[in-house]
Amino acid sequence: MTIRRKLIIGIIAIFSIFGIYLLYLNYFSAPANPPIFGVTFTPQYATYLGLDWKKAYKDVLDDLKVRNLRLVAYWDQIELSPGHYDFSELDYEVKEASSRNATILLAMGKKAPRWPECYQPAWGDRTSLFKMYQAVVNRYKNNPLVIAWQVENEPLFNFGSCGTSTAADLKVEADYVRSLDPTRLVVITDSGEWGPWRPLKGSADILGISIYRQAYNQTLGYVNLKFPLVYYYLKGYLTGWVPEKVWATELQMEPWGQNGLTGLSIADQTKILSIEQFTKSLHYISASNYSRVYLWGVEWWLWAKSQGHPEYWEAVRHVIPAPEPESSYNN
């Protein structure tokens with residue numbers, strides 16, 4: 001072996017070791033700080049479970065003391081007819097959150113969180129979608145506690161009744177929202193397990209991923225997914241998303257009902273998702289390198305509490321940091 005060849009091999013080896021070290025630091029090392037925890041809250045789902053949604057929302061803010069929220073501007077509910085907007089429900093949510101210094105990630109689009117995922121009015125088209133974006137952003141962009149806009153919800157993942165979007169269309173939507181408010185981040189979400197991720201590069205400032213630990217399949221029944229964190233890290237590495245640019249916007253923390261939850265007894269629901277599984281998921285995500293985590297199912301924890309199972313609600317209390325003193329709230 002010639003000296004030149006040895007030198008080349010040596011240089012390649014040095015760079016390989018350095019690259020592996022950087023990969024370890026960015027993806028696999030222990031997080032310097034625990035994630036910032038928040039929850040997604042939707043009045044419609046609270047009502048579906050039989051709760052008074054305003055009381056439930058205040059319990060989330062005042063009993064559980066959540067200070068990071070993902071809220072949703074449901075298009076077919078804020079624009080009841082073309083050009084006529086009713087923000088009263090969302091205004092209430094934003095006002096109550098803001099009075100407690102709670103940050104808000106505001107989701108909007110034709111596809112939005114919670115089944116059936118699609119909230120496009122029957123008359124809605126591409127032009128009216130952009131008008132809706134303009135109405136929502138202009139209404140809330142002066143609120144300093146709105147930290148980011150979420151454009152669509154898992155738009156590349158074929159789940160729900162809305163179908164999928166193209167990467168090109170998503171870029172146009174994201175760029176338009178960014179033009180309305182260039183001061184905030186634009187978040188676009190994708191399935192953590194099955195989404196492609198890469199097509200959202202260049203459109204999203206932050207990639208939001210859903211992480212599901214259990215699902216129901218008509219053929220297989222209940223399936224435990226439980227992908228290790230390394231799966232998401234490697235996927236991010238291969239698709240160009242470093243952990244600093246990824247938020248876990250939807251960590252499953254409620255049981256998956258085959259036909260919804262209201263047809264299942266509380267005993268069946270707590271069997272599908274035991275408190276042991278629930279706690280393991282909290283420990284699992286606490287060890288991640290994702291700076292923000294929005295837990296999915298706060299309405300269900302409160303309903304379970306009303307049915308004699310407060311342990312889910314109480315388990316989350318341990319990961320929610322104490323808020324600032326009330327004297328510092330904005331009134």
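Predicted model: local features only at pLDDT ≥ 70, side-chain atom pairs only at ≥ 80, totals over all residues.

**The largest pocket**

Begin with the largest pocket, whose volume is about 1,000 Å³. To find its centre, select Trp-115, Phe-159, Tyr-212, Trp-256 and Gly-257, which are the closest to that point among the 37 residues of the lining. Then colour α2 (43–48), β9 (214–217) and β11 (246–252), the elements that each give two or more residues to the lining of this pocket. If you colour the lining by class instead, it divides into 18 nonpolar, 13 polar and six charged residues.

**Two loops**

Pro-116 itself is found in the loop between β5 (103–109) and α6. Next, select Glu-152, a residue that is not a glycine and yet has a positive phi of about 65°. Glu-152 lies in the loop that sits between β6 (146–151) and α7.

**Helices α6 and α7**

Now show helix α6 (residues 126–140) together with helix α7 (residues 167–180), which pack at an angle of about 30° with their axes 10 Å apart. That angle is under 35 degrees, and α6 is therefore roughly parallel to α7. Seen as a crossing, the arrangement of α6 and α7 is right-handed. To look at the contact itself, display the side chains of Arg-126, Leu-129, Phe-130, Tyr-133, Gln-134 and Val-137 in α6, which meet Asp-169, Val-172, Glu-173, Tyr-176, Val-177 and Leu-180 in α7. By class, the residues of this contact divide into eight nonpolar, one polar and three charged.

**Helices α3 and α5**

For the last stop, select helix α3 (residues 53–62) and helix α5 (residues 88–98), whose axes come within 11 Å and cross at roughly 20°. How are α3 and α5 oriented, roughly parallel or roughly perpendicular to each other? They are roughly parallel, and the crossing of α3 and α5 is right-handed. On the α3 side of the contact, select Trp-53, Lys-54, Tyr-57, Lys-58 and Leu-61, and on the α5 side select Glu-89, Tyr-92, Glu-93, Glu-96 and Ala-97, which they meet. The contact of α3 with α5 has five nonpolar and five charged residues, with no polar ones.

Methods:
Residues numbered from 1 in each chain as written. Heavy atoms only, no water. Axes fitted to C-alpha atoms, helices over the stretch in contact; angles between N-to-C directions. Helix = DSSP H or I, 4+ residues; strand = E, 2+ residues; numbered from the N terminus. Parallel < 35°, antiparallel > 145°, perpendicular 65-115°, else oblique. Left-handed = near helix turned anticlockwise from the far one by under 90°. Contact = heavy atoms within 4.5 Å. Nonpolar A, V, L, I, M, F, W, Y, C, P; charged D, E, K, R; others polar. 1 Å grid on protein atoms, 1.4 Å probe; cavity = no way out; pocket = protein on both sides within 12 Å on 5 of 7 lines; lining within 4 Å. Points joined across faces, edges and corners; volume = space filled by probe spheres on them.
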